[in-house]
Amino acid sequence: MRQTLQELVERYQNNLFAVAFNVCKNAQDAEDVVQDTFLRYYTMKKEFDNEQHIRAWLIRVAVNKAKNCNRTFWKRNKCSFEEYMETLTFETPQSESLFETVMQLPDKYRIVMHLFYYEDYAVREIAKILKLSESNVKARLSRGRSMLRNVLKEEWDDDK
């Protein structure tokens, strides 16, 4: 199964950007990763089983390209996370605080949390995308939730 590039761009551009930004923490790098991901799809002659297979493949490629981007020399010269946060708008102060807290998690927890809560992937699907065992994904979700709970509890206790 192959779909046209235009269909995939319209359908998955925002999702891939969110995944890439989650890893890169930089809007420009995330945009580059999304473009590179679609370019890789366009130049590759792979046949896919179904729509979910395409989506999982695109996300896997985006995650890998974002990780590679973080390893480059140029990464150190890009705009900071704080600068990007100034450009975002949130519905409530709580959603902004939650986003900042999630973005401070270590990569291995943040990526799993993003795929589970924002992309609505099941544990089994996340395990396939990230090439981890299901128990490892569950452990990362549990640890990520625990870290969030501790940080948010501290913030809530400080507000009293």
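This is a predicted model: local features need pLDDT of at least 70, side-chain atom pairs count only at pLDDT 80 or more; totals for chains, interfaces and linings use all residues.
Residues are numbered from 1 along each chain as its sequence is written, and side-chain values use heavy atoms, with hydrogens and water left out.

**Around Tyr118**

Tyr118 sits in the loop that runs between helix H6 (107–117) and helix H7 (123–130). Helices (H or I, at least four residues) and strands (E, at least two) are DSSP runs, numbered from the N terminus.

**Salt bridges**

Side chains of opposite charge can pair when their charged atoms come close. A salt bridge here is a side-chain nitrogen of Lys or Arg within 4 Å of a carboxyl oxygen of Asp or Glu. By this rule the model has four salt bridges.

Select Glu51 and Arg11, whose closest N and O atoms are 2.9 Å apart in a salt bridge. This pair links distant parts of the chain, since Glu51 is in helix H3 (residues 51–70) and Arg11 in helix H1 (residues 5–24), 40 residues apart. Both are partly exposed: Glu51 has a relative accessible area of 23%, and Arg11 has 41%.

Next, select Asp107 and Arg110, a salt bridge with its closest N and O atoms 2.1 Å apart. About one helical turn separates Asp107 from Arg110, because they are three residues apart in helix H6. Is Arg110 buried or exposed? Arg110 is buried, at 0% relative accessibility, while Asp107 is partly exposed at 37%.

Then go to Arg124 and Glu134, whose side chains form a salt bridge at 3.2 Å, N to O. Here too distant parts of the chain are linked: Arg124 belongs to helix H7 and Glu134 to helix H8 (residues 134–159), 10 residues apart. Arg124 is exposed at 51%, and Glu134 is partly exposed at 31%.

**The core**

In soluble globular proteins, nonpolar side chains tend to be buried together. A nonpolar core is a set of buried Ala, Val, Leu, Ile, Met, Phe, Trp, Tyr and Cys residues joined through side-chain atoms within 4.5 Å. Select Leu16, Leu58, Ile59, Leu115 and Leu130, which have the most contacts inside the largest nonpolar core, a set of 40 residues. Which helix gives the most to this core? Helix H3 does, with nine residues.

Keep Leu58 selected and show its contacts (heavy atoms within 4.5 Å). Leaving out residues up to four places away in sequence, Leu58 touches Leu8, Tyr12, Leu16, Thr37, Phe38 and Tyr41.

**Last stop: Leu5**

Select Leu5 in helix H1; at 27% relative accessibility, Leu5 is partly exposed. Apart from neighbours within four places in sequence, Leu5 is in contact with Phe38, Tyr41 and Tyr42. The C-alpha atoms of Leu5 and Tyr41 are 7.9 Å apart, although 36 residues separate the two along the chain.

How values were computed. Buried means under 20% relative accessible area, exposed over 50%, partly exposed in between (1.4 Å probe, protein chains only).
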